[in-house]
Amino acid sequence: MVYGGKPSTGCYLCRKRKIKCDEAHPGCRNCAVYGESCPGYRPDTIFKIETGQVKGSRKGNEPCPAHAVRERVPDGTQRMSSLSIYQNPESPWEERAVCFFFDQYTACDKPEGGSHLGFIPRLYAGCRRGPGAVEPASSCLRLAVDATALLTLGNQVKAPSLVAQARHRVALAVQGLRQALDSPVERVKDDTFAAVVILALFEDISGERNGLASSHTVGFEALMKLRGESLLNEQGLDMFKFAYVHTRIEAILLRQKPRFSTHDLVMRLDPADPLQRLIMVVNELDPMSLENPLASDTTDPGVITTLASRIEIYRALDSELAEWSRSLPTSWLPHACRSHTGDDVLTYQERFSASIWSYYHALRILLQATILEFLQTLTSLVPSSGIQREAVRQEAEGSRLIRSLIGDTCRAVPFSFGAIDQLGNPVASQGESQIRAFNVYHMMWPLWYILTCGHATPAQAQQIRRALAEKGSEVGIKLALVLAGEGGQGMMPLMFGSFAPSSGPRLALEYS
């Protein structure tokens with residue numbers, strides 16, 4: 001992207017293309033993605049910035065609308081920036097969209113374990129350069145990335161023409177995925193799995209889930225089963241983590257039994273890695289066991305035993321989660337401070353760590369709320385003074401812990417969504433978002449659960465709704481807007497009014 005009002009320090013080729021450069025050395029990632037040799041960087045002393053109208057052009061296509069090429073700057077106006085040293089036409093919108101998408105939704109591995117779709121740029125570069133580009137797996141991945149990139153940029157700059165192009169390409173990507181899944185050779189390729197990952201992301205950015213259910217859950221489960229241990233190489237592990245979280249959220253919220261047991265795969269993860277260790281603990285939770293057994297069969301004499309057994313299981317899982325938080329490295333721990341507004345806030349070394357903590361908080365709230373519910377049911381069935389006392393004690397302790405966990409999550413919202421830095425100081429705006437889209441994407445579901453669990457105060461619920469709505473709109477994730485709007489109405493049935501599935505092509509595949 002082009003950022004008005006400040007000099008670009010990107011490489012020569014990125015500045016020529018008018019796209020944001022990660023300024024890596026010896027060469028930037030954008031050049032690697034496009035198979036080019038990075039030409040390097042020029043000295044700071046020769047920067048000269050001019051502002052003005054710049055015509056957008058695309059190879060073989062008509063120019064995009066004027067409003068699609070302008071960007072907001074701090075004074076509230078919209079303008080375009082250009083480097084006077086270049087008089088060449090801008091790069092095609094497809095290239096700008098892909099680089100913007102990679103900047104917003106991919107992150108390479110860090111020492112703290114934070115990464116998100118870091119494997120996508122490498123696979124996409126292979127699709128563009130290699131002879132496999134004509135094969136179904138490579139073709140559908142490239143189309144899926146191009147479609148999601150155009151949608152991401154189209155939402156960001158409010159350009160319907162880019163969104164229309166995105167919908168056309170996602171339909172082609174679905175066709176290519178069908179072909180890849182029909183081939184025993186193509187279906188086991190990383191490109192095929194990655195294409196499903198990107199199509200799932202497209203669905204969430206466009207806000208087109210059917211209620212809480214994703215079109216791609218069955219696909220993820222089928223491909224995880226098909227790939228097995230081969231999925232746990234360096235590149236596959238990143239895909240597995242995305243697919244696991246995607247499917248596990250749905251299973252827990254909808255109380256559905258997963259179609260494929262991930263136990264064997266999860267047991268091969270590295271318990272020394274904080275995120276992988278958290279996945280290992282969460283995998284012990286059977287989503288079906290969260291359903292109150294009394295609701296399904298009031299005459300079953302084993303209900304009392306089942307309730308007591310599940311309460312103990314949840315207490316053990318909650319203890320494991322608490323131990324997880326105590327065993328984290330220092331770089332993962334929260335920092336309590338006072339913000340510039342005088343509020344008590346929590347910050348972290350990385351926003352990725354903040355999102356993982358929000359999942360941890362949501363999981364413990366879920367367990368504590370379920371324990372309270374089951375204990376209340378148990379006391380209604382067993383007239384025992386001992387159980388009554390235990391229920392009263394758990395009510396006091398569990399409610400206190402839930403309030404504390406929700407409070408910690410809300411205290412971290414300003415940092416998680418880019419309003420403050422690690423020290424609680426305001427993050428100065430330079431006319432562009434101070435948070436990347438994948439940070440918002442990570443925060444959506446834990447915040448939505450806290451919003452709908454029934455334990456948040458009105459002020460906390462309003463804070464969460466505002467954060468989801470504002471940041472979802474800012475980075476162009478429509479699912480965040482939907483979750484914010486439906487947050488006060490409990491478990492969502494069909495929540496997608498204007499973003500109904502009929503508004504665009506859907507993935508209707510037989511994953512086999």
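Helices (H or I, at least four residues) and strands (E, at least two) are DSSP runs, numbered from the N terminus.

The model is predicted; local features need pLDDT of at least 70, side-chain atom pairs count only at pLDDT 80 or more, and totals for chains, interfaces and linings use all residues. Residues are numbered from 1 along each chain as its sequence is written, and side-chain values use heavy atoms, with hydrogens and water left out.

The pLDDT is the predictor's confidence in each residue, from 0 to 100. Its mean over the chain is 80, and 78% of residues reach 70 or more. Confidence is lowest in strand 4 (residues 81-83), at a mean of 24. It is highest in strand 6 (residues 344-347), at 96. Over residues 487-508, pLDDT stays under 50.

Contact means heavy atoms within 4.5 Å. Among the residues that meet are Val170 and Leu177 of helix 6, and Val196 and Phe202 of helix 7.

Helix 9 (residues 234-254) has 21 residues. Of these, 18 are buried, so the helix is largely enclosed by the rest of the structure. Buried means under 20% relative accessible area, exposed over 50%, partly exposed in between (1.4 Å probe, protein chains only). Just after helix 9, arginine 255 takes a positive phi of about 55°.

Note on methods:
Expected span 1.5 Å × (residues − 1).
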